[in-house]
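Please open the model in your viewer and keep the selection panel at hand.

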Amino acid sequence: MWKVPLFDTSFDEREIEAVQNVIRSGWLTMGEVTQEFESRFAEFLGVKHAIAVCNGTAALHLANMALGIGPGDEVICPSLTFVAGANSVSYTGARPVFADIDSENNLCISPQDIEKKITQKTRAIQVMHYAGYPCDMGQIRQIAKTHKLYIIEDCAHAPGAKYSGKYCGTIGDIGCFSFFSNKNMTTGEGGLVTTNDDKIAEKIRLMRSHGMTTLTWDRARGHAFSYDVVEAGFNYRIDEIRSAIGLVQMEKLQDNNTSRKELVRLYRERLGRMRGIEIPFANTFGVSSYHILPALLKTNINRHDFMGYLKDHGIQTSIHYPPIHRFDYYRRIFGNNNMLSVTEEIAKREVTLPLYPSMKSDDVNYVVDKINDFLKTEGN
Ligand SMILES: *Cc1c(COP(=O)(O)O)cnc(C)c1O
(Lines give C-alpha, C1' and ligand atoms only; values in the text may rest on other atoms or scores of the structure.)
Protein backbone atom coordinates (compact mmCIF):
# COMPACT_ATOMS: atom_id res chain seq x y z
CA MET A 1 0.00 0.00 0.00
CA TRP A 2 2.78 2.46 0.88
CA LYS A 3 5.51 3.21 -1.64
CA VAL A 4 7.80 3.87 1.33
CA PRO A 5 6.48 2.57 4.68
CA LEU A 6 7.55 3.97 8.05
CA PHE A 7 9.25 0.68 8.99
CA ASP A 8 9.62 -2.87 7.74
CA THR A 9 10.70 -6.15 9.32
CA SER A 10 13.88 -7.98 8.34
CA PHE A 11 12.54 -11.55 8.33
CA ASP A 12 13.65 -14.28 5.94
CA GLU A 13 13.74 -18.10 5.78
CA ARG A 14 15.84 -18.26 8.94
CA GLU A 15 13.05 -17.01 11.22
CA ILE A 16 10.59 -19.36 9.50
CA GLU A 17 12.89 -22.33 10.06
CA ALA A 18 13.50 -21.37 13.70
CA VAL A 19 9.75 -21.24 14.35
CA GLN A 20 9.23 -24.61 12.61
CA ASN A 21 11.93 -26.18 14.75
CA VAL A 22 10.19 -25.06 17.93
CA ILE A 23 6.82 -26.38 16.76
CA ARG A 24 8.39 -29.72 15.84
CA SER A 25 10.09 -29.95 19.25
CA GLY A 26 6.71 -29.94 21.01
CA TRP A 27 7.88 -27.63 23.86
CA LEU A 28 6.26 -24.24 23.36
CA THR A 29 6.83 -22.05 26.39
CA MET A 30 9.91 -20.94 28.35
CA GLY A 31 12.48 -23.70 27.97
CA GLU A 32 15.83 -24.31 26.31
CA VAL A 33 15.35 -21.85 23.45
CA THR A 34 14.40 -19.04 25.84
CA GLN A 35 17.39 -19.88 28.05
CA GLU A 36 19.66 -19.67 25.02
CA PHE A 37 18.10 -16.40 23.90
CA GLU A 38 18.64 -14.94 27.37
CA SER A 39 22.24 -16.10 27.67
CA ARG A 40 23.16 -14.88 24.17
CA PHE A 41 21.56 -11.49 24.83
CA ALA A 42 23.40 -11.19 28.15
CA GLU A 43 26.67 -12.14 26.46
CA PHE A 44 26.11 -9.62 23.66
CA LEU A 45 25.46 -6.74 26.07
CA GLY A 46 28.07 -7.85 28.58
CA VAL A 47 25.53 -7.98 31.41
CA LYS A 48 25.09 -10.61 34.12
CA HIS A 49 21.35 -11.26 33.76
CA ALA A 50 18.95 -11.11 30.80
CA ILE A 51 15.35 -12.12 31.54
CA ALA A 52 13.00 -12.44 28.55
CA VAL A 53 9.36 -11.43 28.99
CA CYS A 54 6.18 -11.07 26.92
CA ASN A 55 6.62 -7.38 25.98
CA GLY A 56 8.53 -4.20 26.78
CA THR A 57 5.77 -2.82 28.98
CA ALA A 58 5.96 -5.93 31.20
CA ALA A 59 9.74 -5.41 31.35
CA LEU A 60 9.23 -1.84 32.61
CA HIS A 61 6.56 -2.93 35.11
CA LEU A 62 8.84 -5.67 36.51
CA ALA A 63 11.71 -3.18 36.75
CA ASN A 64 9.65 -0.80 38.90
CA MET A 65 8.31 -3.69 41.02
CA ALA A 66 11.77 -5.19 41.55
CA LEU A 67 13.04 -1.87 42.92
CA GLY A 68 10.19 -1.90 45.46
CA ILE A 69 8.55 1.19 43.97
CA GLY A 70 4.97 1.63 45.15
CA PRO A 71 2.34 3.98 46.61
CA GLY A 72 3.80 7.22 47.95
CA ASP A 73 6.88 7.02 45.72
CA GLU A 74 7.78 9.19 42.75
CA VAL A 75 9.65 8.19 39.61
CA ILE A 76 11.05 10.89 37.32
CA CYS A 77 10.53 10.11 33.63
CA PRO A 78 10.23 11.85 30.27
CA SER A 79 6.87 12.88 28.81
CA LEU A 80 8.15 12.72 25.21
CA THR A 81 8.09 8.92 25.03
CA PHE A 82 5.70 6.03 24.58
CA VAL A 83 3.00 5.98 27.27
CA ALA A 84 4.18 2.57 28.56
CA GLY A 85 6.98 4.38 30.40
CA ALA A 86 4.66 6.36 32.69
CA ASN A 87 2.00 3.62 32.78
CA SER A 88 4.54 1.16 34.16
CA VAL A 89 5.11 3.52 37.10
CA SER A 90 1.35 4.08 37.57
CA TYR A 91 0.74 0.29 37.79
CA THR A 92 2.74 0.18 41.03
CA GLY A 93 0.71 2.96 42.67
CA ALA A 94 3.68 5.34 42.43
CA ARG A 95 3.49 8.73 40.73
CA PRO A 96 5.30 9.44 37.47
CA VAL A 97 6.84 12.93 37.63
CA PHE A 98 7.62 14.31 34.20
CA ALA A 99 10.90 16.04 33.39
CA ASP A 100 11.52 18.07 30.25
CA ILE A 101 13.73 16.99 27.37
CA ASP A 102 17.12 18.61 26.92
CA SER A 103 16.84 20.72 23.74
CA GLU A 104 15.98 20.86 20.04
CA ASN A 105 19.15 18.93 19.38
CA ASN A 106 18.78 16.33 22.14
CA LEU A 107 15.26 14.94 22.62
CA CYS A 108 16.30 12.82 25.62
CA ILE A 109 15.45 13.72 29.24
CA SER A 110 17.26 16.79 30.64
CA PRO A 111 19.60 16.12 33.60
CA GLN A 112 19.02 19.72 34.81
CA ASP A 113 15.26 19.22 34.85
CA ILE A 114 15.61 15.83 36.56
CA GLU A 115 17.39 17.60 39.42
CA LYS A 116 14.62 20.20 39.66
CA LYS A 117 11.96 17.49 39.96
CA ILE A 118 13.60 15.57 42.82
CA THR A 119 11.64 15.52 46.10
CA GLN A 120 11.74 13.51 49.36
CA LYS A 121 9.53 10.94 47.62
CA THR A 122 11.70 10.38 44.53
CA ARG A 123 12.96 6.79 44.29
CA ALA A 124 14.08 6.36 40.69
CA ILE A 125 14.85 8.01 37.37
CA GLN A 126 13.46 6.27 34.30
CA VAL A 127 15.33 7.41 31.19
CA MET A 128 14.52 6.63 27.54
CA HIS A 129 17.25 6.63 24.89
CA TYR A 130 15.15 8.46 22.29
CA ALA A 131 15.50 7.12 18.73
CA GLY A 132 18.47 5.06 19.97
CA TYR A 133 20.61 8.07 20.99
CA PRO A 134 21.95 7.51 24.52
CA CYS A 135 20.90 9.96 27.23
CA ASP A 136 23.55 11.99 29.07
CA MET A 137 24.20 9.03 31.38
CA GLY A 138 27.31 10.56 32.96
CA GLN A 139 25.33 13.42 34.46
CA ILE A 140 22.28 11.27 35.20
CA ARG A 141 24.39 8.70 37.07
CA GLN A 142 25.98 11.49 39.08
CA ILE A 143 22.56 12.85 40.05
CA ALA A 144 21.34 9.35 40.95
CA LYS A 145 24.40 8.78 43.12
CA THR A 146 24.08 12.12 44.93
CA HIS A 147 20.39 11.62 45.70
CA LYS A 148 20.54 7.81 46.15
CA LEU A 149 18.12 7.07 43.30
CA TYR A 150 17.81 4.02 41.06
CA ILE A 151 18.10 4.31 37.28
CA ILE A 152 15.83 2.35 34.93
CA GLU A 153 16.82 2.54 31.26
CA ASP A 154 13.98 2.20 28.75
CA CYS A 155 16.00 0.69 25.88
CA ALA A 156 13.05 0.01 23.57
CA HIS A 157 14.80 2.14 20.92
CA ALA A 158 18.34 1.26 21.90
CA PRO A 159 19.45 -2.36 21.38
CA GLY A 160 23.09 -2.06 20.33
CA ALA A 161 23.42 1.63 21.31
CA LYS A 162 26.48 2.46 23.42
CA TYR A 163 27.46 5.12 25.91
CA SER A 164 31.10 5.48 26.89
CA GLY A 165 31.92 1.95 25.66
CA LYS A 166 29.01 0.29 27.50
CA TYR A 167 25.82 -0.94 25.92
CA CYS A 168 22.59 0.84 26.83
CA GLY A 169 20.76 -1.37 29.31
CA THR A 170 23.94 -1.99 31.33
CA ILE A 171 24.55 1.55 32.62
CA GLY A 172 21.67 2.02 35.07
CA ASP A 173 20.35 -0.51 37.60
CA ILE A 174 17.93 -2.15 35.16
CA GLY A 175 17.54 -2.08 31.36
CA CYS A 176 14.21 -2.75 29.63
CA PHE A 177 13.99 -3.83 25.99
CA SER A 178 11.00 -4.25 23.67
CA PHE A 179 10.83 -6.58 20.69
CA PHE A 180 7.56 -5.18 19.32
CA SER A 181 7.08 -5.42 15.55
CA ASN A 182 8.56 -2.02 14.66
CA LYS A 183 11.68 -2.24 16.87
CA ASN A 184 15.31 -2.78 15.74
CA MET A 185 14.97 -6.45 16.60
CA THR A 186 11.53 -8.00 16.84
CA THR A 187 9.73 -11.12 17.97
CA GLY A 188 6.28 -9.71 17.12
CA GLU A 189 5.55 -9.02 20.78
CA GLY A 190 8.37 -9.51 23.28
CA GLY A 191 10.63 -7.86 25.79
CA LEU A 192 13.61 -8.39 28.06
CA VAL A 193 15.05 -7.09 31.32
CA THR A 194 18.78 -6.73 31.97
CA THR A 195 20.63 -6.20 35.26
CA ASN A 196 23.95 -6.90 36.93
CA ASP A 197 22.26 -7.20 40.34
CA ASP A 198 21.59 -10.80 41.47
CA LYS A 199 18.81 -9.82 43.91
CA ILE A 200 16.96 -7.73 41.31
CA ALA A 201 17.28 -10.55 38.77
CA GLU A 202 15.91 -13.11 41.23
CA LYS A 203 12.92 -10.90 42.02
CA ILE A 204 12.21 -10.32 38.32
CA ARG A 205 12.41 -14.05 37.53
CA LEU A 206 9.90 -14.75 40.32
CA MET A 207 7.53 -11.93 39.36
CA ARG A 208 7.63 -12.96 35.69
CA SER A 209 5.94 -16.25 36.53
CA HIS A 210 3.33 -15.83 39.33
CA GLY A 211 5.92 -15.58 42.10
CA MET A 212 6.39 -19.35 41.82
CA THR A 213 9.62 -20.91 43.09
CA THR A 214 9.93 -23.53 40.30
CA LEU A 215 9.07 -23.42 36.60
CA THR A 216 7.05 -25.90 34.50
CA TRP A 217 10.30 -26.57 32.62
CA ASP A 218 12.11 -27.70 35.77
CA ARG A 219 9.21 -29.87 36.86
CA ALA A 220 8.91 -31.46 33.39
CA ARG A 221 12.57 -32.44 33.58
CA GLY A 222 12.03 -34.01 36.98
CA HIS A 223 14.08 -31.34 38.77
CA ALA A 224 11.19 -30.45 41.06
CA PHE A 225 7.80 -31.84 42.02
CA SER A 226 6.08 -28.88 43.60
CA TYR A 227 6.43 -25.18 44.19
CA ASP A 228 5.72 -22.38 46.62
CA VAL A 229 4.42 -18.88 45.79
CA VAL A 230 6.44 -16.16 47.51
CA GLU A 231 5.06 -13.02 45.75
CA ALA A 232 1.81 -12.10 43.99
CA GLY A 233 3.54 -12.31 40.62
CA PHE A 234 2.33 -12.05 37.04
CA ASN A 235 2.33 -14.17 33.94
CA TYR A 236 4.78 -12.14 31.88
CA ARG A 237 6.49 -15.15 30.27
CA ILE A 238 7.73 -15.31 26.69
CA ASP A 239 7.24 -18.44 24.58
CA GLU A 240 9.79 -20.55 22.72
CA ILE A 241 8.50 -19.47 19.29
CA ARG A 242 9.30 -15.85 20.00
CA SER A 243 12.61 -16.63 21.69
CA ALA A 244 13.58 -18.58 18.54
CA ILE A 245 12.76 -15.57 16.36
CA GLY A 246 14.70 -13.38 18.82
CA LEU A 247 17.83 -15.52 18.45
CA VAL A 248 17.81 -15.05 14.66
CA GLN A 249 17.00 -11.33 14.92
CA MET A 250 19.87 -10.85 17.36
CA GLU A 251 22.30 -12.20 14.77
CA LYS A 252 21.08 -9.57 12.32
CA LEU A 253 21.03 -6.66 14.77
CA GLN A 254 24.46 -5.17 14.23
CA ASP A 255 24.32 -5.32 10.40
CA ASN A 256 20.81 -3.87 10.51
CA ASN A 257 21.94 -1.03 12.79
CA THR A 258 24.80 -0.30 10.38
CA SER A 259 22.34 -0.10 7.47
CA ARG A 260 20.19 2.29 9.52
CA LYS A 261 23.23 4.44 10.27
CA GLU A 262 24.11 4.73 6.57
CA LEU A 263 20.53 5.73 5.69
CA VAL A 264 20.48 8.36 8.44
CA ARG A 265 23.78 9.75 7.11
CA LEU A 266 22.20 10.13 3.65
CA TYR A 267 19.05 11.75 5.05
CA ARG A 268 21.18 14.18 7.05
CA GLU A 269 23.37 15.08 4.12
CA ARG A 270 20.40 15.88 1.88
CA LEU A 271 17.97 17.41 4.39
CA GLY A 272 20.77 19.43 5.97
CA ARG A 273 20.74 21.73 2.93
CA MET A 274 17.07 22.61 3.32
CA ARG A 275 15.56 25.35 5.38
CA GLY A 276 12.24 24.45 6.93
CA ILE A 277 13.38 21.11 8.37
CA GLU A 278 16.09 19.99 10.81
CA ILE A 279 17.34 16.64 12.06
CA PRO A 280 18.08 16.62 15.81
CA PHE A 281 20.97 14.72 17.43
CA ALA A 282 23.70 16.42 15.37
CA ASN A 283 25.83 16.01 18.51
CA THR A 284 25.29 12.83 20.49
CA PHE A 285 26.45 10.99 23.57
CA GLY A 286 27.94 7.73 22.32
CA VAL A 287 26.75 5.44 19.52
CA SER A 288 23.14 5.36 18.36
CA SER A 289 21.10 2.34 17.26
CA TYR A 290 19.18 4.64 14.87
CA HIS A 291 15.74 3.26 15.73
CA ILE A 292 13.75 6.07 14.11
CA LEU A 293 14.48 9.22 12.14
CA PRO A 294 12.92 12.20 13.92
CA ALA A 295 12.76 15.48 11.98
CA LEU A 296 11.67 18.91 13.26
CA LEU A 297 9.69 21.26 11.05
CA LYS A 298 10.20 25.01 11.33
CA THR A 299 7.33 26.65 13.22
CA ASN A 300 5.80 28.23 10.10
CA ILE A 301 5.26 24.82 8.46
CA ASN A 302 1.93 23.04 8.91
CA ARG A 303 2.70 19.49 10.06
CA HIS A 304 -0.71 18.13 9.10
CA ASP A 305 -0.29 19.38 5.51
CA PHE A 306 3.31 18.10 5.41
CA MET A 307 2.29 14.60 6.50
CA GLY A 308 -0.72 14.68 4.16
CA TYR A 309 1.45 15.65 1.18
CA LEU A 310 3.87 12.79 1.86
CA LYS A 311 0.94 10.38 2.34
CA ASP A 312 -0.45 11.42 -1.06
CA HIS A 313 2.93 10.41 -2.49
CA GLY A 314 2.90 7.00 -0.79
CA ILE A 315 5.21 7.94 2.08
CA GLN A 316 4.21 6.90 5.60
CA THR A 317 5.23 9.16 8.48
CA SER A 318 4.43 9.28 12.20
CA ILE A 319 4.77 11.43 15.33
CA HIS A 320 7.04 10.46 18.25
CA TYR A 321 5.34 11.34 20.52
CA PRO A 322 2.16 13.01 21.69
CA PRO A 323 3.49 14.00 25.16
CA ILE A 324 2.20 11.78 27.98
CA HIS A 325 1.39 14.63 30.40
CA ARG A 326 -1.17 15.91 27.88
CA PHE A 327 -3.18 12.66 27.78
CA ASP A 328 -6.58 12.72 29.49
CA TYR A 329 -5.63 10.11 32.13
CA TYR A 330 -2.47 11.91 33.17
CA ARG A 331 -4.22 15.30 33.27
CA ARG A 332 -7.07 13.88 35.36
CA ILE A 333 -4.98 11.86 37.81
CA PHE A 334 -1.86 13.94 38.10
CA GLY A 335 -3.03 17.42 37.09
CA ASN A 336 -1.62 19.56 34.34
CA ASN A 337 0.79 21.75 36.23
CA ASN A 338 3.90 20.45 34.52
CA MET A 339 6.27 23.01 33.05
CA LEU A 340 7.70 21.15 30.10
CA SER A 341 8.30 23.94 27.62
CA VAL A 342 10.82 22.17 25.36
CA THR A 343 8.70 18.98 25.23
CA GLU A 344 5.60 21.02 24.30
CA GLU A 345 7.42 22.92 21.59
CA ILE A 346 9.14 19.88 20.03
CA ALA A 347 6.03 17.68 20.21
CA LYS A 348 4.25 20.16 17.93
CA ARG A 349 7.01 20.13 15.30
CA GLU A 350 8.26 16.53 15.24
CA VAL A 351 7.64 14.22 12.25
CA THR A 352 9.17 10.75 11.98
CA LEU A 353 10.39 9.78 8.51
CA PRO A 354 10.68 6.22 7.10
CA LEU A 355 13.68 4.19 8.30
CA TYR A 356 14.30 0.43 8.12
CA PRO A 357 17.34 -1.72 7.27
CA SER A 358 16.13 -2.86 3.82
CA MET A 359 15.38 0.73 2.75
CA LYS A 360 17.31 1.70 -0.40
CA SER A 361 19.15 4.97 -0.94
CA ASP A 362 16.69 5.57 -3.80
CA ASP A 363 13.87 5.40 -1.24
CA VAL A 364 15.62 8.05 0.87
CA ASN A 365 16.14 10.18 -2.22
CA TYR A 366 12.46 9.84 -3.13
CA VAL A 367 11.36 10.89 0.39
CA VAL A 368 13.78 13.83 0.40
CA ASP A 369 12.69 14.95 -3.09
CA LYS A 370 9.04 14.97 -2.01
CA ILE A 371 9.93 16.93 1.15
CA ASN A 372 11.80 19.40 -1.02
CA ASP A 373 8.80 19.77 -3.38
CA PHE A 374 6.48 20.42 -0.43
CA LEU A 375 8.75 22.94 1.26
CA LYS A 376 9.28 24.83 -2.02
CA THR A 377 5.54 25.28 -2.56
CA GLU A 378 5.37 26.54 1.05
CA GLY A 379 7.96 29.18 0.15
CA ASN A 380 10.81 27.57 2.12
C1 LIG B 1 7.75 0.10 22.21
C2 LIG B 1 8.06 0.89 23.39
C3 LIG B 1 7.70 0.46 24.69
C4 LIG B 1 6.77 -0.68 24.96
O5 LIG B 1 7.10 -1.89 24.45
P6 LIG B 1 5.99 -2.98 24.13
O7 LIG B 1 6.83 -4.17 23.79
O8 LIG B 1 5.17 -2.49 22.98
O9 LIG B 1 5.17 -3.21 25.35
C10 LIG B 1 8.12 1.21 25.77
N11 LIG B 1 8.85 2.33 25.61
C12 LIG B 1 9.18 2.79 24.39
C13 LIG B 1 10.00 4.03 24.28
C14 LIG B 1 8.80 2.09 23.24
O15 LIG B 1 9.14 2.57 22.04
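Start with the lining of the largest cavity, whose residues divide into eight nonpolar, ten polar and three charged; here Ala, Val, Leu, Ile, Met, Phe, Trp, Tyr, Cys and Pro count as nonpolar, Asp, Glu, Lys and Arg as charged, and the others, Gly among them, as polar. Before going further, note that this is a predicted model, in which local features need pLDDT of at least 70 and side-chain atom pairs count only at pLDDT 80 or more, while totals for chains, interfaces and linings use all residues. Residues are numbered from 1 along each chain as its sequence is written, and side-chain values use heavy atoms, with hydrogens and water left out.

**The cavities**

A search of the whole structure finds two cavities of 30 Å³ or more. On a 1 Å grid over the protein atoms alone, a cavity is a set of points where a 1.4 Å probe fits but cannot get out, a pocket is an open set with protein on both sides within 12 Å along at least five of seven lines, and lining residues have an atom within 4 Å of a point. Grid points are joined across faces, edges and corners, and a volume is the space filled by probe spheres set on the points.

The largest cavity holds about 180 Å³ of space. Select Phe7, Asn182, Arg260, His291 and Leu355, which are the closest to its centre among the 21 residues that line it. Helix H9 (240-271) and strand E12 (350-353) each supply at least two residues of this lining; helices (H or I, at least four residues) and strands (E, at least two) are DSSP runs, numbered from the N terminus.

Next, select Trp27, Thr29, Met30, Ser209, Leu215, Thr216, Trp217 and Arg237, which line the second largest cavity. Its volume is about 50 Å³, and its lining divides into four nonpolar, three polar and one charged residue.

Select the 16 residues around the ligand, of which Gly56, Thr57, Asp154, Ser178 and Lys183 come nearest; a residue counts as near if one of its heavy atoms lies within 4 Å. Helix H3 (residues 56-66) gives the most to this shell, with three residues, and by class the shell has seven nonpolar, seven polar and two charged residues.

Which polar backbone atom lies 2.7 Å from an oxygen atom of the ligand? That atom belongs to glycine 56, while an N or O atom in the side chain of histidine 157 is 3.1 Å from a ligand oxygen, and a polar side-chain atom of tyrosine 321 lies 3.4 Å from one.

**Two places in the backbone**

Stay on tyrosine 321, in the loop between helix H10 (303-312) and helix H11 (328-334), where the peptide bond from histidine 320 is cis, with omega near 10 degrees. Finally, select alanine 131, in the loop between strand E4 (122-128) and helix H6 (137-147); its phi is near 65 degrees, a positive value in a residue other than glycine.

Technical notes:
Polar contact = N/O pair within 3.5 Å; in protein donor to acceptor, adjacent residues only side chain to side chain.
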